[in-house]
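Please look through the structure shown here with its charged side chains in mind. The paragraphs that follow move from one pair to the next.

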Amino acid sequence: MKQLNLILFTLLLPVCMMGQQRITGKITDGKKRPLQGVNVAIKDTYDGATSAADGSFSFTTDVKGVQYITATLLGYTTQEQKVFINGALEVNIIMRNNVNDLKVVTITAGSFEASDEGKTTVLKPLDIVTTAGAGADIVNALKTLPGTQQTNDREGLFVRGGTGYETQTYIDGMLVRNPFYSGLPDQPGRGRFSPFLFKGTTFSSGGYSAQYGQGLSSALILESTDLPQRSSYSLGASVIGISGGLEELSKDKKGSYGIEADYTNLGPYLDVLKPKYKFSANPVIMGGSANFRRKTSKTGMLKFYGYANKTHMGTIRPSLELPGYEEQFELKNHNIYTNLTYKESLGNDWKFNAGLSYSTNVDKIDLDTLNKSTPAKIKNQSELAQVKAMLTKGLGQYSLLRFGGEYQYSVEKSAFNNWPANYVDNYTAGFVESDIYVTPRLVGRFGGRVEYSSVLAKANVAPRVSLAYKLTGLSQVSLAYGDFYEKPEQQYLRFKPDLGYMKATHYIATYQWVAKHYTLRVEAFYKKYHDLVKTSPDTTTSGTGYAKGIELFWRDRKTIKNTDYWISYSYLDTKRNYLNYPFEVQPDFAAKHTFSVVYKYNIPAISTNLGITYSFSSGRPYYNPNLPESKFMSEKTMTYNSIGLSASYLTSIRKAFTIFVLSVSNAPNFKQVYGYRYSSDKLRRQEVVPNIPRFIYLGMFMNFGIDRRQDVINNL
C-alpha cells in the first residue's frame, strides 16, 4: 500500500500543472457601494481572494464545471452563487446586511461555536478538522483549544478538571454512548465519526444548554449535513487502507442517499515503522455506513445515519508482575449506531424537532500471561435506545422558548470468565429553557432540567442560567451558572446500583472580541464537584473536588499574508478526592499549564496548504507506592511536547477532483511519558508511553462528480 501511494504520487504530481481559469468580479452592498475585505472563494477549495477597497477581486483556479462561489463578511449574510467554470469568468455579488449579526448579543459563556452560519464563530469546521498533528480526529483537534487536556494515554476528551467520562457527545441532539473506537491499554481509540459528516460543531467546556444532560464537564454537540449539491462517488488509497463511497441526489433535488465502506490494516505499516510493543494481532478495522435525507416540505427535513464496524487488535508486552514472562491483551469489538431525526416548522413561530436512536457496542477481551496462567475472558455489552422531542416557540423578534423531553432505555451486560454483572436503566428527563432579549444588547437564558434514573431510583433538578451583554459591535461579556448531574460509570453501577448522582456546579465569566480577521477570548471559571465515586474504603458517592482557572484564545487571519494561526493557553488548579484517593489532590490526568499554537499557510498559486501545530503541557502527577500516604500524587511526569506537520495538495486529474496528503504527528519524535505503573511488590516500574511515538500518513483520494477534496482532508 505504501509503495502504491508513493508511485501514484510521483506519477501524477506533474498533472497538477494544468491550465487555470481566472475568476474576477466586484462585491457591493444593497446600495451598490463597494465592500472591502469580503472573503470570496470556490466552495470546498482553497481557491479564493479578498476584495479590495473598490470591491474588486481576482484569483485563479484549476477546477471546472458547476461550482459554488461563496462570499462572507462579518455583519452580512453569507452569499452563495452557482456558476459554470470553463474559462475566464466574471462574477458580481451583492451582500445583504444581517441585522442580527450587527446588533444582537449571543450566549458564548463556556461555548466554542463552529458553524458556517454563526458570526460569533471562533473556529469553523474546516479549521477544526485540518489541524496538523490531529489526524483530522475531531477530539484531537479540539485539544488545541483552551480548557482541554493532552491526555493521549486514555480515552475521551478531558475538560477543566473533568474525566473523559464527564464529556458527552451528541449528534443532532441525540446522545452517542460510544463515540470512540475501543482501544488497547495506553492507546486510546480515536473518534468513530468522519468530521465531514457535520456542518456545525459546538464545543461547550461548561455551562451548556438544558437540552443536554448527563455530562458533568462538557458537551460536544454535532449537527449533521443536509442534502448534497449533486451525485458523486469517491475512491481513496493510503498507507493504511482503502475506502470508497457514493452519494446519490434524487432527480427532484429533494432527497439523497449514500453508502460508504472502508478497510484499515496497520500490519504493512507496522512492518516498516516498528512499534515499541509488538502486536499479537495487527489492528484491522472494517466498516460501512449509510445515510438518507429527504425534504418533507419547504421547511421539513428527515435524516437517517447509521454505521457498523468491526475491530480486531492485540499487543504483547513484558510482564510487570512476572519478570521474564509476557502479557497479551487482545480485543475484538463491533459497534452499531443509528440515528433518525425529523425537524419541521409548524407555523406561527413554532418549530418541532424529534429523534430516535439505537446503538450497541460489544467488547471481547482476552488477557493472558503467556505460558504461565489460564487466559481470562471479559465481555462487555452496552445497548442504548432513545427518543427525544422538542418544541420551540418564537417570542417576538429575537426571544424564544424551548421545551421537551427524552427517554433512554439502556442495557449493560458484563461477564468475567462467565461471571455476570448486568443491569437495566430507564432514564427520563424533561427540560424548559427560554432566551429572553431584554434589549438587542442584553440577553438572558433561563431554564432547567429534571431527570430520573430507575437504576438509581433517584431524581434531580438542575437549574441553569446564562447572561450576555454586547459592549460594542465587536465585543461582549457573558456569565453562566448551572448544576450538572451524571450517573456513575457502568463498572460501578454493575456491582452497586444504589449509588447516587454525581454533581458539578459551574460558574463561568467570558469576554469575547470578534473582528473580521481577529478573535480574542478570555474566560475564567470555577467548578465545584459533589458526590463523586469513592472506591475506598467502600464504593460510595461521597467524593469531592474543585476546578478553577483562566483560559486565553487568540486568532489572527490577516497580519501575515496567506496565513491563519491561533494560540490557546489554559491555567488549571484542580483537586479531587475520589476513587481510592486518601484526600483531595491534583488528579493524574490534569496538568496545570497547557499551551497550543496552530499555524496554517496557504499557497494559492499551487493549491497547497501547509500546517504546523505545537502542543505543550506541564507534568502530570503519578502515584508512587514507595512514598508515604502524605506524599500521594506528589511526583510528576516530564513535560509533554509535540509538533505535528501537514501538507495537502489539491488538483484535478481528468474528471476527478484529487488530493494528495502527507501528515506527521510528533515529527521530532519527542519522548512522551504519561505516567508510571508499579509492580505489586513495589520493586519494578514501567513507563506509560505511546506505542507508536511518531505516525506518518500518506494518501491520495479522488472524487468524481463534485469537488469534495476538502471533505477528504477532513476525513483523514
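R449 is buried in this predicted model, with a relative accessible area of 1%, and its side chain meets that of E406 in a salt bridge whose N to O distance is 2.4 Å. This pair links distant parts of the chain, since E406 lies in strand β22 and R449 in strand β25 (residues 442–453), 43 residues apart. E406 has a relative accessible area of 9%, and because buried means under 20%, this residue counts as buried too.

Strand β22, which spans residues 399–416, also holds R402, and the side chain of R402 forms a salt bridge with that of D435, at 3.5 Å from N to O. D435 belongs to strand β24 (residues 423–439), so that the pair joins parts of the chain that are 33 residues apart. Both R402 and D435 are buried.

A further salt bridge connects D588 with R154, with 3.3 Å between the closest N and O atoms. Here the partners sit in loops: D588 is in the one between β31 (563–577) and β32 (593–603), while R154 is in the one between α4 (138–142) and β10 (167–171), and 434 residues separate the two. D588 is partly exposed, at a relative accessible area of 22%, and R154, at 24%, is likewise counted as partly exposed. These two residues also belong to a network of salt bridges that links D153, R154, D588 and R620.

Side chains of opposite charge can pair when their charged atoms come close. Across the whole structure, a search finds 30 salt bridges.

Key:
Residues are numbered from 1 along each chain as its sequence is written. This is a predicted model: local features need pLDDT of at least 70, side-chain atom pairs count only at pLDDT 80 or more; totals for chains, interfaces and linings use all residues. Side-chain values use heavy atoms; hydrogens and water are left out. A salt bridge is a side-chain nitrogen of Lys or Arg within 4 Å of a carboxyl oxygen of Asp or Glu. Helices (H or I, at least four residues) and strands (E, at least two) are DSSP runs, numbered from the N terminus. Buried means under 20% relative accessible area, exposed over 50%, partly exposed in between (1.4 Å probe, protein chains only).
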